[in-house]
Amino acid sequence: MCIICVSDKGVKQPTKTTMQTMWTNNPHGAGYMFFRDGKVYTRKGFMRFVDFYDAVKAENFTADDIVVYHFRISTQGGVNPEMTQPFFFTKDIVKTKNLRAETKLGIMHNGIIPMTTYADKEYSDTAHFVAEYLPLIVRNTADLNNPRTLELLKEVLNSKMVFLDCKGRVTTV
């Protein structure tokens, strides 16, 4: 399964050694999302650790930043930059391929989503879920504060998902 590492405000960012270990165990690409100035920024598509680490280092993250990291093991959609994570909230599956975004809601997943398991070599199960199903469950970021919405997501996913919203809130399912 993928590795998701949440570094919430007040938490020291993971060390290079820790990131290298996560990469070594999940070498199919990486990405991260972070909160600044009322926006969520997503960065993904890193297929070599050195490129990933250089990008993270250039952000100058501190313990005051909210950053979520994702290290991928591919189960669907192939091993390619576009299917690394995070994804951002969209109804357009083609946009799930975007490597960078400024958004209101960033999304990462860990596991396999059975309801979106297709013989699709282009898009992962998570890309399908984000574009085709998530907009039917989550209409806006406030829905992520609703326990019923979170319970529904838990039942549907049968795996783990992390959201980072434009208010700097991290929500885990």
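Tutor: Start with the element names. Helices are DSSP runs of H or I with at least four residues, strands are DSSP runs of E with at least two, and both are numbered from the N terminus. The model is predicted, so local features need pLDDT of at least 70 and side-chain atom pairs count only at pLDDT 80 or more, while totals for chains, interfaces and linings use all residues. Residues are numbered from 1 along each chain as its sequence is written, and side-chain values use heavy atoms, with hydrogens and water left out.

Rolling a probe the size of a water molecule over the atoms shows where empty space is left. Here a cavity is a set of points, on a 1 Å grid over the protein atoms alone, where a 1.4 Å probe fits but cannot get out. Points are joined across faces, edges and corners, and the volume is the space filled by probe spheres set on them. By this rule there is one cavity of 30 Å³ or more. The largest cavity has a volume of about 70 Å³.

Next, the lining. A lining residue has an atom within 4 Å of a point. For the largest cavity these are Cys2, Arg72, Ile73, Ser74, Thr75, Gln76, Gln85, His109, Gly111, Ser124, Asp125 and Thr126. The lining splits into two nonpolar, eight polar and two charged residues. In this scheme Ala, Val, Leu, Ile, Met, Phe, Trp, Tyr, Cys and Pro are nonpolar, Asp, Glu, Lys and Arg are charged, and the others, Gly among them, are polar.

Asp125 sits in helix H3 (residues 125–137). Asp125 is buried but has no salt bridge. Two cut-offs apply. Buried means under 20% relative accessible area, exposed over 50%, and partly exposed in between (1.4 Å probe, protein chains only). A salt bridge puts a side-chain nitrogen of Lys or Arg within 4 Å of a carboxyl oxygen of Asp or Glu. The nearest side chain of opposite charge to Asp125 is Arg72, 6.1 Å away. For charge, Lys and Arg count as positive and Asp and Glu as negative; His and the chain ends are not counted. Contact means heavy atoms within 4.5 Å. Neighbours within four places in sequence aside, Asp125 is in contact with Thr75, Gln76, His109, Gly111, Ile112, Ile113 and Thr116.

Now the pairs that do form. Seven salt bridges turn up across the whole structure. One of them joins the side chains of Arg36 and Glu59, at 3.8 Å from N to O. That pair ties distant parts of the chain: Arg36 is in strand E2 (residues 30–36), Glu59 in helix H2 (residues 49–59), 23 residues apart. Arg36 is partly exposed at 25%. Glu59 is buried at 18%.

Lys97 and Glu122 form another salt bridge, 2.4 Å from N to O. This pair also links distant parts of the chain, 25 residues apart: Lys97 lies in the loop between strand E5 (87–88) and strand E6 (100–103), Glu122 in the loop between strand E7 (105–110) and H3. Lys97 is partly exposed at 25%, and Glu122 is partly exposed at 41%.

Asp165 bridges to Arg169, with the closest N and O atoms 2.8 Å apart. Asp165 is buried at 1%, whereas Arg169 is partly exposed at 28%. Shared partners also join Arg36, Glu59 and Asp65 into one salt-bridge network.

Lys91 belongs to the loop between E5 and E6. Lys91 is exposed at 67%. Residues up to four places away aside, Lys91 touches Ala131 and Pro135.

Finish with backbone angles. Most residues other than glycine have a negative phi. Asp37 has a positive phi of about 50° and is not a glycine. Asp37 lies in the loop between E2 and strand E3 (39–46), and is exposed at 74%. Asn158 also shows a positive phi, near 50°. Asn158 is in the loop between helix H4 (147–157) and strand E8 (160–165), and is exposed at 64%.

Helix H4 itself holds Thr149. Thr149 is buried at 10%. Neighbours within four places in sequence aside, Thr149 contacts Ile137, Val138 and Asp143.

Terms used
1 Å grid on protein atoms, 1.4 Å probe; cavity = no way out; pocket = protein on both sides within 12 Å on 5 of 7 lines; lining within 4 Å.
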